[in-house]
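The sequence and the model come first, and the description follows.

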Amino acid sequence: MCVWCERYADGYERWYFNPANYARKLYKVRKEEAEALGAEANPQAAGGMALLTRDFLEAVDRKDYEVVAKMRQQVEEIAWATHFGQVVPLDDVLRVVDIIYPIALITCACRRSMLGLPNEENFTCIGMGPGMYKWERWPDTYRGGVHFLTPDEAKEIITKMNKRGLVQVLFTFGTPYIAGICNCDYPDCSAIRTTLDHGIQFLWKGHHVAVIDNELCNGCASCIHRCQFKALSFSPTQNKAYIDLFQCFGCGLCISECPQDAITLVERAKFPALANVW
Amino acid sequence: MSVGWKYGKPIKEKLMTLEEPGKPLPFDADKGLIGDITARFNMGEIVRNLQGKDEKEAYRVLEELGKEVMKLTMELADGKYLDRTGEMVERVARLTGISFPHRLQRYVELFILGLRPTDRWNITKSTTKELVLQVTACSVQKALEEIGIKGLPCRGFCFAGFYVAAEKSGDNIKTEMPMTLPANGRCEFHIRV
């Protein structure tokens with residue numbers, strides 16, 4: 001069980017199955033003055049990966065490990081309170097779609113900034129919950145517009161993205177309020193990049209790890225390119241795929257590519273050494 | 001039927017874009033709505049007039065009041081004080097064919113804010129099957145307690161309001177109240193379709 005389940009599952013199997021983490025009021029009373037920063041600000045723009053500044057990279061460059069550790073902790077504390085993600089396998093995401101409403105297909109902020117993708121090629125992100133009714137409040141975030149979807153339409157689109165090789169990640173917008181299903185890959189996704197490249201945990205591992213049955217693996221290596229987390233490699237000695245379980249985020253993308261059905265998702269908690277590796 | 005989405009591309013027939021870029025839009029509840037409702041209904045006076053009445057009679061009076069307050073709330077929320085959140089809730093419901101929970105939730109929230117803007121409450125579940133409302137501090141319940149009326153007849157006020165709103169939103173609802181003030185520390189309403 002991850003710390004988010006300990007805090008916010010409230011009897012549900014996982015914290016992201018708890019409908020309370022998707023519920024929010026539609027209204028508050030209008031203020032006369034302009035909306036201030038903070039809770040009313042756009043959390044996507046105000047927090048998250050924008051917290052990682054040049055100072056951090058310069059401290060890494062000059063090997064000032066004390067400063068690096070301090071800044072890493074500061075950034076993670078803010079991110080975990082405002083805007084972070086957890087990797088979730090497809091089956092779980094499809095269950096989540098049944099407890100959220102409304103659901104909207106929107107453009108991806110990461111691909112916009114990392115790849116400079118124009119809006120008309122960038123509709124790969126899902127926003128959800130009552131906040132989506134107010135999308136016009138943050139036109140910079142919802143560039144290109146939005147499409148409101150039925151749950152079945154959302155499931156179809158998410159499944160397509162999964163098949164294409166994108167990892168599903170649930171993102172908080174003021175923890176524990178979950179309001180985004182991101183469809184991520186490396187190096188487009190700034191959360192994967194900051195987590196893997198800079199060791200700052202914007203992204204939490206999922207509740208599973210992928211395990212290979214060596215009896216079934218025929219060494220075709222077709223799964224290797226599916227891993228966005230550098231957990232999968234090919235062992236020429238064994239002529240088998242190899243998964244570093246400490247590096248595996250449990251997305252399950254490798255499973256759908258295996259022609260031998262040699263890979264399965266297993267609960268992280270079943271491995272004592274991994275139970276606290278998030 | 002397939003939504004016909006191609007990777008990364010917009011779905012032309014579903015795409016919603018900014019209608020008037022740069023124009024500020026009112027998303028929150030208008031203070032005018034509170035002003036109009038509190039000017040029409042003096043809750044303090046209504047509760048004081050209940051003094052000496054039994055629980056059943058108080059329930060009946062509050063039930064009628066709940067209906068009237070909700071009717072006025074909806075009239076103002078969809079007319080004089082229509083806000084952008086409300087417009088978008090209606091638009092999305094038409095697009096997806098899904099009415100519940102937010103068309104009803106919108107009226108329920110404004111029903112509380114309109115007459116009891118200082119009450120403490122929260123929405124703790126809001127799925128297409130169930131809406132859960134928790135009220136932790138209620139000025140009506142407190143006022144009834146102060147004049148010695150027991151048994152929470154004000155539930156009639158809330159229930160009547162919800163059913164009037166559900167009639168308008170077209171939701172066939174069933175409502176339960178597993179927790180009540182003051183015994184459980186909150187009134188909790190489970191509204192299901």
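How many helices and strands does chain B have? Chain B has seven helices and five strands. Read from the N terminus, its elements follow the order β-α-α-α-α-α-β-β-α-α-β-β. The model is predicted, with an ipTM of 0.95 and a pTM of 0.93. For chain B the mean pLDDT is 95, and 100% of the residues reach 70 or more.

**Chain B on its own**

The C-alpha trace of chain B spans about 65 × 35 × 25 Å along its principal axes. Chain B has 193 residues, of which 37% count as buried. Among the contacts in chain B with a separation of 6 or more, 66% are between residues 24 or more positions apart.

**Chain A and its domains**

Chain A is divided into two parts: domain 1 covers 3-22 + 36-204, and domain 2 covers 208-270. Their C-alpha centres lie 25 Å apart. Across the boundary, 11 residues of domain 1 of chain A are in contact with 12 residues of domain 2 of chain A. On the domain 1 side of this boundary, eight residues are nonpolar, one is polar and two are charged.

**Where the chains meet**

Between the chains, 44 residues of chain B are in contact with 36 residues of chain A. On chain B, the elements that each give two or more residues to this side are strand 1 (15-16), helix 1 (31-40), helix 4 (84-96), helix 5 (102-115) and strand 2 (120-126). Helix 4 of chain B gives the largest share, seven residues. By class, the side of chain B that touches chain A has 23 nonpolar, 12 polar and nine charged residues.

Which strands form the open sheet of eight strands, and in what order? The order is 7(A)-1(A)-5(A)-6(A)-3(A)-2(A)-4(A)-1(B), and the pairing is mixed. The edge strands are strand 7 (203-204) of chain A and strand 1 of chain B, each of which pairs on one side only.

| Strand | Partner strand | Sense and bridges |
|---|---|---|
| Strand 2 (residues 103-106) of chain A | Strand 3 (residues 125-128) of chain A | Antiparallel, four bridges |
| Strand 4 (residues 146-149) of chain A | Strand 1 of chain B | Antiparallel, two bridges |

I106(A) stands opposite C125(A) in strand 3 of chain A. Between the chains, V146(A) has M16(B), in strand 1 of chain B, as its bridge partner.

**The nonpolar core**

The largest nonpolar core has 126 residues. Which residues have the most contacts inside it? They are I103(A), A104(A), I126(A) and V169(A), together with Y107(B) and A165(B). Helix 3 (residues 55-77) of chain B supplies the largest share of this core, nine residues. The core also draws at least three residues from each of domain 1 and domain 2 of chain A.

I103(A) shows what such a position looks like in the model. Leaving out residues up to four places away in sequence, I103(A) touches V97(A), I126(A), M128(A), L149(A), P151(A) and A154(A). One of these, I126(A), is also among the residues with the most contacts inside the core.

Notes:
Residues numbered from 1 in each chain as written. Chains lettered and ligands numbered in written order. Predicted model: local features only at pLDDT ≥ 70, side-chain atom pairs only at ≥ 80, totals over all residues. Contact = placed C-beta atoms within 7 Å. Nonpolar A, V, L, I, M, F, W, Y, C, P; charged D, E, K, R; others polar. Pairing = 2+ DSSP bridges. Domains from an automatic or database assignment. Core = buried A, V, L, I, M, F, W, Y, C linked by C-beta atoms within 7 Å. Buried ≥ 20, exposed ≤ 12 C-beta atoms within 10 Å, placed from the backbone. pLDDT = per-residue confidence, 0-100.
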